[in-house]
Amino acid sequence: MGTFMETEIELKFFVSSDFSRQIRDKITDLKVLQQRQRDLGNIYYDTPDYLLRSHDIGLRVRRYDDVFVQTLKTAGRVVAGLHQRPEYNAELDSPVPDLSLIPADAWPEGLDIEALSANLNPLFSTDFERQQWLLAMPDGSQVELAYDSGEVTTEDGGYDPICEVELELKSGQTDALFVLARELAENGGLRLGNLSKAARGYRLATGYEGDPVKPLTMVGVNGQMSVDQSFVKALEHALDHWHYHEQVYVERPEQEAIFEMCNAVSLIRQALVLYGGLIPRRASALLRQELQWLEGELDWVYEGRAIERLLDDKGHFLRKLNAQKPLMAKLSDRYDELPERAEVLELLHSSRYCNLLLDLSRWILTRGWQPFLDDKAREKLGEPIRQFANRSLAQSWDELLTVFAEGNELDRFAYLDQQPRLTRNLMSGCCVAALYDSEERETFRLPWLDLLQGIEDFQLLEPVRKLADDEDLEEEDRAQIEKWLSRKEESLLHAMMQSRQIGLTLDPYWDI
């Protein structure tokens, strides 16, 4: 059969263990061209220092009945939950890998293949039953649906169950993949997954505790990109951040992961605004409506963060208040009223949530805005990003100057009102600022990030402010809280004025 390379386009879902019933219900209306069921055993190999893993390469030997096939998957791209990875396949006589069958140009430069070959060990196995259906979609496309159930095991007894659905486009239009995915998502119970069986095996084999929460970083645009490519890059960057933190939250109750998902949604919404002069609003109308719905579903996370900070370190922040204990008790009660983990997980497995992610992925992948463009917009989107970025940042800057000019007296309410605008402007920077010198950019952004932090500190005081009006508190405790609040507020306003003064004197980094 020789070695050959192919690039697959597939969607992958984690599902509940009884999902096979839903699959059977859904495919009764479709034309099944082929159906088969088989047991697959895979052994994954790497060196003791995980050399292949460090290059994002997967090497496995799969057993189909009595046939062994070696597969090397090289670092590909995951775009919007869609996996695209080149792979190299070759038949073997046994489960022992033979690296001489892999073409030399598949490997990263400078890798010593002989040394690698001598050092390979089996790391973990994935054994599962795969049920497959080849389906003819109404538009004539063919999609393969696979349902896998089984387990990942390591040499020393690690175990993780497998329950997944994969859809792969065999021929025809990418759209057909999403049509079928939407059908399957109709009753919920499935979640788009980026974590491969191999990644889960590596986690088990290395005793990995799970991914850390990461702050949102700059979108990796560069001067060679067109406006259109930069737009896509921003959307993909946000989606990756979103998927990553959804996985973190599903694995462990980490409230910050939800906050980072909210940041990703904000970045997508801001990218739609930033590029909205060229991409008509009606092209993204449905997406924006659904993103707004999701923001509404998750907006409690900001109050949750504030309460967590207030209760942190045994209520250290409130230590000077005589009513510290009753306040902490009330804050705890309020915290308990916020959505529980089970409700959030239910949302993440709901059909509306899944469809939003599918629609977003499909929109990015099929460039769903293109039919809405006129020739002028098309031409503008094809231009290099630099001028567009200069223009957008200058507009954004003018907007901030108008609001935060030194002469403008801003109180707590004014700052809280301006938070969405400041966030939007900083997110716009996030979309295009990677084009410029990083040191000048960071220096310029810093006072504005400080200002945003100041507004968050105002929000931190809000739960205390609400409780200060509580009837149960003694008169003098209430007076003490009022005084404490106004002192905090005064020092915040002073610090924020200083941040503004610094921010207003700096030279814009895009003019240099």
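This is a short talk on one predicted model, going from the whole chain to a few elements and single residues.

First, the ground rules. The model is predicted, so local features need pLDDT of at least 70 and side-chain atom pairs count only at pLDDT 80 or more, while totals for chains, interfaces and linings use all residues. Residues are numbered from 1 along each chain as its sequence is written, and side-chain values use heavy atoms, with hydrogens and water left out.

The whole chain, then. The secondary structure comes to 17 helices and twelve strands; these are DSSP runs, helices being H or I of at least four residues and strands E of at least two, numbered from the N terminus. Along the principal axes, the C-alpha atoms fill a box of roughly 80 × 55 × 55 Å. Of the 512 residues, 51% count as buried. Buried here means under 20% relative accessible area, exposed means over 50%, and partly exposed is in between, with a 1.4 Å probe and protein chains only. Taking contacts between residues at least 6 apart in sequence, 75% join residues at least 24 apart, where contact means heavy atoms within 4.5 Å.

UniProt, in an unreviewed entry, lists residues 224-490 as "domain: CHAD". Its positions are given in the numbering used here, feature names are shortened, and annotations may be inferred rather than shown by experiment. Over residues 224-490 the chain is 78% helix and 0% strand, with the end C-alpha atoms 47 Å apart.

H6 covers residues 227-251, which is 25 residues, and its first and last C-alpha atoms are 37 Å apart, close to the 36 Å expected at 1.5 Å a residue. That expected span is 1.5 Å times one less than the number of residues. Of the 25 residues of H6, 20 are buried, so the helix is largely enclosed by the rest of the structure.

H10, residues 324-337, has 14 residues and reaches 20 Å from first C-alpha to last, close to the 20 Å expected. Which residues of H10 are buried? They are Gln324, Leu327, Met328 and Leu331. Seen down the axis of H10, the buried residues fall within an arc of 95 degrees, so they line one face of the helix; the arc is that of the directions from the helix axis to the C-beta atoms. The cover over these buried residues includes helices H9 (300-315), H16 (438-468) and H17 (475-505). On the face turned away from the buried side, H10 carries the exposed residues Lys325, Asp336 and Glu337.

Now a strand. Six of the six residues of E2, residues 10-15, are buried, so E2 is largely enclosed by the rest of the structure. In a regular strand the side chains alternate between the two faces of the sheet. In E2, Glu10, Lys12 and Phe14 point one way and Leu11, Phe13 and Val15 the other, and all are buried. Which strands does E2 pair with? Five bridges join E2 to E11 (residues 159-171), and the two run antiparallel. Three bridges join E2 to E12 (residues 190-192), also in the antiparallel sense. Pairing requires that DSSP finds at least two bridges between the strands. Glutamate 10 has glutamate 168 as its bridge partner in E11, and phenylalanine 13 has leucine 192 in E12.

Cysteine 163 sits in E11 and is buried, at a relative accessible area of 16%. Leaving out residues up to four places away in sequence, cysteine 163 touches Phe13, Phe14, Val15, Ser16, Ser17, Tyr147 and Asp148.

Arginine 362 is in helix H12 (residues 351-365). Beyond four places away in sequence, arginine 362 touches Asp175, Phe178, Val179, Arg182 and Arg367. With aspartate 175 there is a side-chain polar contact of 3.0 Å. A polar contact is a pair of N or O atoms within 3.5 Å; within protein, one must be able to donate a hydrogen and the other to accept it, and residues adjacent in sequence count only if both atoms are side-chain atoms.

Serine 392, in helix H14 (residues 385-404), is buried at 9%. A polar atom of the serine 392 side chain lies 2.8 Å from the backbone oxygen of phenylalanine 388.

Last, threonine 47, in the loop between strand E3 (31-46) and helix H2 (51-54). Threonine 47 counts as buried, at 4% relative accessibility. A polar atom of the threonine 47 side chain lies 2.9 Å from the backbone nitrogen of leucine 51.
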